[in-house]
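Take a moment to look it over, and then let's walk through it together.

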Amino acid sequence: MAAFDQRQWFDDYIDALNRDDLARVAPFYAPDLNMTDGAVEHGSAAAVMGFHRQWQGRVRRTLALLGYVDRPGRIAAEISTVLEALCDVPDFPEAPLAAGERRAMVSFVICDIADGRFTRIRAAPCKATP
């Protein structure tokens with residue numbers, strides 16, 4: 001049996017998010033996933049996928065990995081995120097987005113993993129970028 005390459009697995013997840021490929025994103029989530037970022041909290045993979053679908057085609061998300069450390073079953077990462085509204089998004093969490101508007105931030109993310117799936121993802125945005 002091949003060893004689980006946690007870094008490659010995480011890179012594949014980031015790539016799937018950047019491509020807005022929700023069919024590739026879904027298998028990364030355990031059914032009972034808990035995800036929070038301070039603005040929203042979700043208690044299941046179904047809820048997280050619903051959240052992703054809500055913005056699909058409306059908000060382009062571009063993530064860049066700035067820092068990464070791991071141990072088996074846990075990842076800590078510093079991630080730059082740029083959100084770009086593809087249309088007006090009046091219902092976006094925290095504040096509406098106007099078409100073409102971009103928001104950038106850097107977040108620290110802690111992920112717990114079991115059986116090759118995220119079981120918990122905690123993100124803490126630490127600053128907006130210019």
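Let's start with a term: two residues are in contact when they have heavy atoms within 4.5 Å of each other. With that in hand, 49% of the contacts in the protein chain with a separation of 6 or more are between residues 24 or more positions apart. A word on the ground rules: this is a predicted model, where local features need pLDDT of at least 70 and side-chain atom pairs count only at pLDDT 80 or more, while totals for chains, interfaces and linings use all residues. Residues are numbered from 1 along each chain as its sequence is written, and side-chain values use heavy atoms, with hydrogens and water left out.

Now the overall plan. The protein chain has three helices and six strands, which are DSSP runs numbered from the N terminus (H or I with at least four residues for helices, E with at least two for strands). Read from the N terminus on, the order is α-α-β-β-α-β-β-β-β. The radius of gyration is 15 Å, close to the 14 Å of the globule rule for 130 residues, so the chain is as compact as a globular protein of that length. (That radius is taken over C-alpha atoms, and the rule is 2.2 Å times the number of residues to the power 0.38.) Along its principal axes, the C-alpha trace spans about 50 × 30 × 25 Å.

Next, have a look at helix H3, residues 45-55. His42, in strand S2, is itself buried at 12% relative accessible area. Leaving aside neighbours within four places in sequence, His42 is in contact with Leu33, Asn34, Met35, Ala47, Val48 and Phe51.

Phe51 turns up again in the largest pocket, as one of the lining residues closest to its centre, along with Asp37, Arg61, Thr81 and Met105. On a 1 Å grid over the protein atoms alone, a pocket is an open set of points where a 1.4 Å probe fits, with protein on both sides within 12 Å along at least five of seven lines, and lining residues have an atom within 4 Å of a point. This one holds about 810 Å³ of space, counted as the space filled by probe spheres set on the points, which are joined across faces, edges and corners. Strand S5 gives the largest share of the lining, five residues.

S5 also carries Cys111, which is buried, with a relative accessible area of 2%. Not counting residues up to four places away in sequence, Cys111 touches Phe10, Gly73, Arg74, Ile75, Phe118, Arg120 and Ile121.

Finally, look at two loops. Most residues other than glycine have a negative phi. Asp115, in the loop between S5 and S6, has a positive phi of about 55 degrees and is exposed at 82% relative accessibility. Asp20, in the loop between H1 and H2, also has a positive phi of about 55 degrees, but at 25% relative accessibility Asp20 counts as partly exposed.

Technical notes. Buried < 20%, exposed > 50% of the residue type's maximum accessible area, 1.4 Å probe, protein only.
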